[in-house]
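Notebook open. I want to go through how the pieces of this assembly touch each other, one interface at a time.

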There are 2 protein chains.
Amino acid sequence: MTIGSLAEATQTRVETVRWYEKVGLLPPPARSKGNYRLYGPEHLRRLSFIRRGRALGFTVEQIRDLLALADDRERSCGEVDTIARAHLADVERKLADLTRLASELREVIGQCGCGSVADCRIIEALSPLGEPA
Amino acid sequence: MTIGSLAEATQTRVETVRWYEKVGLLPPPARSKGNYRLYGPEHLRRLSFIRRGRALGFTVEQIRDLLALADDRERSCGEVDTIARAHLADVERKLADLTRLASELREVIGQCGCGSVADCRIIEALSPLGEPA
DNA sequence: CTTGACCCTGTAGTGACTACAGGGTGCATG
DNA sequence: CATGCACCCTGTAGTCACTACAGGGTCAAG
């Protein structure tokens with residue numbers, strides 16, 4: 001399996017696959033006589049894991065930890081749970097922030113009568129001192 | 001007003017103020033005889049505008065555009081409205097993404113009985129081929 | 001034997017800062 | 001007057017997770 005097929009199979013860019021190797025998430029594969037990377041099913045599994053983790057918003061560092069934990073099959077999965085819960089808490093914080101932000105934006109936009117900038121409510125809302133900047 | 005007081009007044013780091021100057025959001029202020037930056041109320045207004053915009057999630061480029069529009073007080077604020085609406089659409093897209101993500105995470109976490117990694121549901125959920133990585 | 005798709009390494013860029021290193025300034029205290 | 005300390009200066013490099021080349025090599029088909 002060349003890097004191109006692996007990338008296609010996992011919906012990843014070729015450069016990204018090489019980057020995962022460089023930062024140590026993906027082990028260096030064998031090389032062909034022409035120095036092409038040659039991947040096997042184990043690489044496909046591991047890269048799929050990484051991509052799924054990224055899609056769920058885990059950071060690369062979190063995935064590195066999860067991979068290390070996953071490799072040690074006897075270990076209790078309490079640490080895995082901890083990472084996942086911490087991440088969920090993070091996501092929920094961002095969600096709350098964005099929700100507040102969206103409603104503030106909607107309010108600001110709703111007030112704009114689209115006259116001239118001189119009395120634009122959006123510009124005013126951005127100028128906390130009351131005067132336009 | 002020194003950079004330190006300006007920074008404190010706007011809840012900004014000193015380095016960030018200098019960075020805004022470097023990228024052209026904040027005009028270079030006068031200097032003291034010891035080469036310290038000296039700011040006036042106009043700078044305070046402009047920096048407040050920038051910080052409020054950032055807090056609402058506008059990018060620096062969007063703020064640059066908004067500042068240019070705000071400076072031209074005769075212009076119709078249609079362009080301002082366009083930028084704000086585009087940004088709101090963006091925020092709402094992110095909100096939808098995060099909401100989906102959070103519910104996926106909650107589901108994954110809910111299934112984990114916290115036994116050994118070998119049958120951890122979280123690890124399994126990350127391994128789309130059915131086998132742990 | 002040439003074309004074109006693929007692959008290689010290495011470096012630089014993205015956004016919005018943050019974190020120094022290595023120095024200078026200004027004011028209060030001894 | 002000397003010293004200490006908080007503050008300021010410039011410039012560079014680091015963050016995160018990639019992305020985008022530049023400049024070259026490999027491989028299979030026609």
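My entries cover the protein–protein interface and then the DNA.

**Ground rules.** I'm working with a predicted model, so local features need pLDDT of at least 70 and side-chain atom pairs count only at pLDDT 80 or more, while totals for chains, interfaces and linings use all residues. Residues are numbered from 1 along each chain as its sequence is written, chains are lettered from A and ligands numbered from 1 in the order in which they are written, and side-chain values use heavy atoms, leaving out hydrogens and water.

**Chain A against chain B.** I looked up contacts (heavy atoms within 4.5 Å) and got 58 residues of chain A touching 58 residues of chain B. The area buried between them is about 5,200 Å²; that is the accessible area (1.4 Å probe) the two parts lose on being put together, summed over both. Carbon and sulfur atoms give 74% of that area.

Next I checked salt bridges, meaning a side-chain nitrogen of Lys or Arg within 4 Å of a carboxyl oxygen of Asp or Glu. The rule finds four across this interface. I noted one of them, B:Glu92 with A:Arg106, at 3.0 Å from N to O.

Helices here are DSSP runs (H or I, at least four residues), numbered from the N terminus. H5(A) gives the most, with 19 residues. By class I have 32 nonpolar, 10 polar and 16 charged residues on that side of chain A. Ala, Val, Leu, Ile, Met, Phe, Trp, Tyr, Cys and Pro count as nonpolar, Asp, Glu, Lys and Arg as charged, and the others, Gly among them, as polar.

A backbone N or O atom of A:Gly4 sits 2.7 Å from one. From the side chains, an N or O atom of A:Arg37 is 2.7 Å from a phosphate oxygen, and one of B:Thr16 is at 2.9 Å.

Both chains contribute helices with two or more residues here: H1 (3-9) and H2 (14-22) of chain A, plus H2 (14-22) and H3 (41-55) of chain B. H2(B) gives the most, with three residues. My class tally for this surface is six nonpolar, six polar and seven charged residues.

Methods:
Polar contact = N/O pair within 3.5 Å; in protein donor to acceptor, adjacent residues only side chain to side chain.
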